[in-house]
Amino acid sequence: MKNSFLQSMAWLHTWAGLLVGWLLFVIFVGGTLACFDKELDDWMRPALHGTVAPERPGFDAAMAWAKTQAPDAHAWWAHAGSERDRALKAYIALDDGTEITRALDPRTGVAVPDTAGGSFFFTLHYNLHAGTIGMYIVGLAGMLMLVALVAGVLIHKRVFKDFFTFRPKAGGQRAWLDGHNVTGVLGLPFHLMVAYTGVAIFVANYMFGGINAAYGGDFQRFWQEAGDYYEREETGQPLQRLHSLDSLVADAERRMRAPVDWASVHHPSDSSAVIQFGTRHDRAVPWDMQQVSYDASDGRFLHQTRPPGAGYTTYSFLGGMHMVQFGGSTLRWLYFLMGLAGCVMLASGMQVWVAKRAKRIAEAGALSGYGLVQGLNIGVVGGMPLACVSLLLANRLLPAQLADRAGAEATVFCAVWLVAAGWGMWRSRSGRGWAELFAATAVALVAVPVVNLSTSPRSHLLATLGRGEYALAAVDLMVLAFAMAFAWLALRGRRGRTAMQLQLQEG
Amino acid sequence: MAVGIALALVAWPLFALAMRKHQPALLVRELPRPVPPLLRLVGWGLLGASLFAFATAKGASQGTIFWGATLVLTAIVWVLLLTFLPHRAVTAMLGLGLVALVVLQ
């Protein structure tokens with residue numbers, strides 16, 4: 001314990017922030033990119049560019065594909081294409097908990113080349129692609145972020161006096177601290193909201209006492225009751241014929257008073273199979289969780305969920321606020337920019353720690369605790385952007401027919417990040433790590449539209465602008481904007497290194 | 001929504017003008033004593049009016065979220081202008097407000 005309350009809070013802010021800072025940076029980068037996960041999904045499927053998704057979703061094709069893959073699956077799911085992502089997505093949930101996913105051409109039902117897509121970043125930000133364990137790790141990081149935010153507010157004595165203060169020319173620790181304070185204080189409402197709602201989404205997993213007491217630990221039954229979802233026992237008899245899902249869409253839309261977004265068939269090989277439809281979450285802040293259920297053998301209407309209670313609506317509101325499916329592209333851009341501010345807050349916060357101890361790091365060398373923090377800063381903050389760009393490049397360069405193409409893209413992401421992190425940590429000894437990684441990222445970013453032009457005749461910037469597919473064009477344009485930003489950072493990094501060396505020599 | 005953004009863009013410079021710390025960079029001389037509290041009051045009023053504009057355009061729940069997001073980002077824009085273009089920051093912010101009104105209306 002420290003001598004005073006403020007000192008204790010400063011200690012808490014420093015260590016709660018530093019311990020999970022790198023992880024939070026990964027979560028924030030993933031979450032920020034996931035604001036446009038569907039647009040990135042669409043960009044990463046060039047086979048569908050230039051096509052238009054049918055107005056009424058056709059789910060039968062997706063179910064037919066699922067049947068060829070896993071006729072005895074636990075459930076088949078399909079997501080209709082939308083203006084954000086035109087692919088018809090088919091999912092198969094197997095009894096062992098694994099899932100098979102495939103994007104289909106919404107006009108023909110034919111599978112298109114696989115990709116990790118923007119969904120890769122979405123999954124990365126909530127479970128690090130590590131399933132339940134990853135979800136708990138991310139949850140812990142979110143909770144520590146809330147602790148660090150509250151402690152940060154308490155120790156910031158000049159919060160109002162320094163509200164607009166940013167002194168980048170002051171250099172070193174002062175400049176990093178100002179950057180950290182400005183993005184932290186001005187972005188505080190967003191940071192608090194996103195950390196709190198992010199943790200709240202998985203509240204049933206983090207605070208399971210109530211479910212253990214009332215439902216004997218049966219999470220599925222809890223959610224089923226909370227959302228009034230329909231489920232019926234398997235009979236063990238085979239299903240003779242699956243009723244057409246497409247013929248039920250109009251009735252489902254009439255009952256829900258909303259467009260159908262997804263369809264599912266639970267235990268599709270059993271005579272008790274149930275067809276369910278749900279709608280989109282983009283019309284209001286809370287998720288619209290209503291569902292209608294039909295008998296899969298004859299299409300008979302079975303059940304419609306009742307309007308949610310206050311508790312479930314509150315939960316849906318918090319989840320909806322986090323996932324920003326409402327508000328259109330304007331709000332997604334606002335979240336994206338605030339997410340970037342969050343990344344800057346985290347990166348500058350970790351650099352404050354390093355800048356404050358620059359002398360000690362120089363004395364202790366790279367092979368010390370101080371050196372490790374410095375190296376991890378470069379490896380994570382400098383390496384991850386390069387890995388993200390490499391995913392986009394891999395999407396265009398890997399052969400379309402490659403088996404497990406999505407997995408190969410993810411492998412490229414991880415491999416590039418490992419190499420970049422190793423390089424950055426090694427070069428941090430000479431102070432060149434930041435500048436070199438930023439320069440490499442800038443070059444890789446410039447390469448994206450160039451590779452796009454040379455490999456995808458229907459997907460390059462001129463083609464997408466010509467067809468008025470502005471969401472696709474925006475990906476290339478944003479990549480170029482980021483290229484300029486990283487080139488600028490690389491130049492700043494070179495100058496900063498010279499200044500720091502001079503400071504250390506004088507000191 | 002354009003009105004809400006424009007009002008937020010105008011409100012932040014008023015708060016900065018009310019702070020003695022920023023007055024040398026933004027103005028030729030310090031403001032007379034009764035002016036800063038008045039500027040602060042008008043700033044709060046504009047932020048409130050901005051919330052009202054967003055709530056009118058987008059409804060109470062979505063409007064509040066749009067408003068919060070706009071406040072964060074317009075404040076960051078203001079800090080960047082204040083840092084890199086201090087003498088033209090107020091004019092630039094008013095210009096951005098005008099652009100928001102014309103382009104987004």
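Reply: The radius of gyration is taken over C-alpha atoms, and the globule rule is 2.2 Å times the number of residues to the power 0.38. The model is predicted: local features need pLDDT of at least 70, side-chain atom pairs count only at pLDDT 80 or more, and totals for chains, interfaces and linings use all residues. Residues are numbered from 1 along each chain as its sequence is written, chains are lettered from A and ligands numbered from 1 in the order in which they are written, and side-chain values use heavy atoms, with hydrogens and water left out.

Me: What radius of gyration does chain B have, against that of a compact globule?
Reply: Chain B has 105 residues, so a compact globule would have a radius of gyration near 13 Å. The C-alpha atoms fill a box of roughly 40 × 25 × 20 Å along the principal axes.

Me: What radius of gyration does chain A have?
Reply: Chain A contains 19 helices and 7 strands, and its C-alpha trace spans about 85 × 60 × 35 Å along the principal axes. For 507 residues the rule puts a compact globule near 23 Å; the value of chain A agrees, at 25 Å.

Me: In what order do the strands of chain A form the sheet?
Reply: Two strands pair if DSSP finds at least two bridges between them. The edge strands, each pairing on one side only, are strand 3 (99-104) and strand 7 (301-304) of chain A. From one strand to the next the twist averages 20°. The sheet is open and antiparallel, with its 7 strands in the order 3-2-1-4-5-6-7.

Me: Which residue is the bridge partner of His79(A) in strand 4 of chain A?
Reply: Strand 1 (residues 75-79) and strand 4 (residues 260-266) of chain A run antiparallel and are joined by 5 bridges. In strand 4 of chain A, His79(A) has as its partner Trp262(A).

Me: At what angle does helix 11 of chain A run to strand 6?
Reply: Axes are lines fitted to C-alpha atoms, for helices over the stretch in contact (heavy atoms within 4.5 Å); angles run from 0 to 180 degrees between N-to-C directions. Helix 11 (residues 249-256) of chain A lies across strands 4, 5, 6 and 7 of chain A. To strand 6 of chain A, the angle is about 140°.

Me: Is His303(A) buried or exposed?
Reply: His303(A) is in strand 7 of chain A, and the residues that it touches include Tyr230(A) and Val292(A). A polar atom of its side chain lies 3.1 Å from the backbone oxygen of Asp228(A). Buried means under 20% relative accessible area, exposed over 50%, partly exposed in between (1.4 Å probe, protein chains only). At 18% relative accessibility, His303(A) counts as buried.

Me: What is the phi of His267(A)?
Reply: His267(A) is in the loop between strand 4 and strand 5 of chain A. With 5% relative accessibility, His267(A) counts as buried. Its phi is positive although the residue is not glycine, with a value near 30°.

Note on methods. Helix = DSSP H or I, 4+ residues; strand = E, 2+ residues; numbered from the N terminus. Polar contact = N/O pair within 3.5 Å; in protein donor to acceptor, adjacent residues only side chain to side chain. Lists of a residue's contacts leave out its neighbours within four places in sequence.
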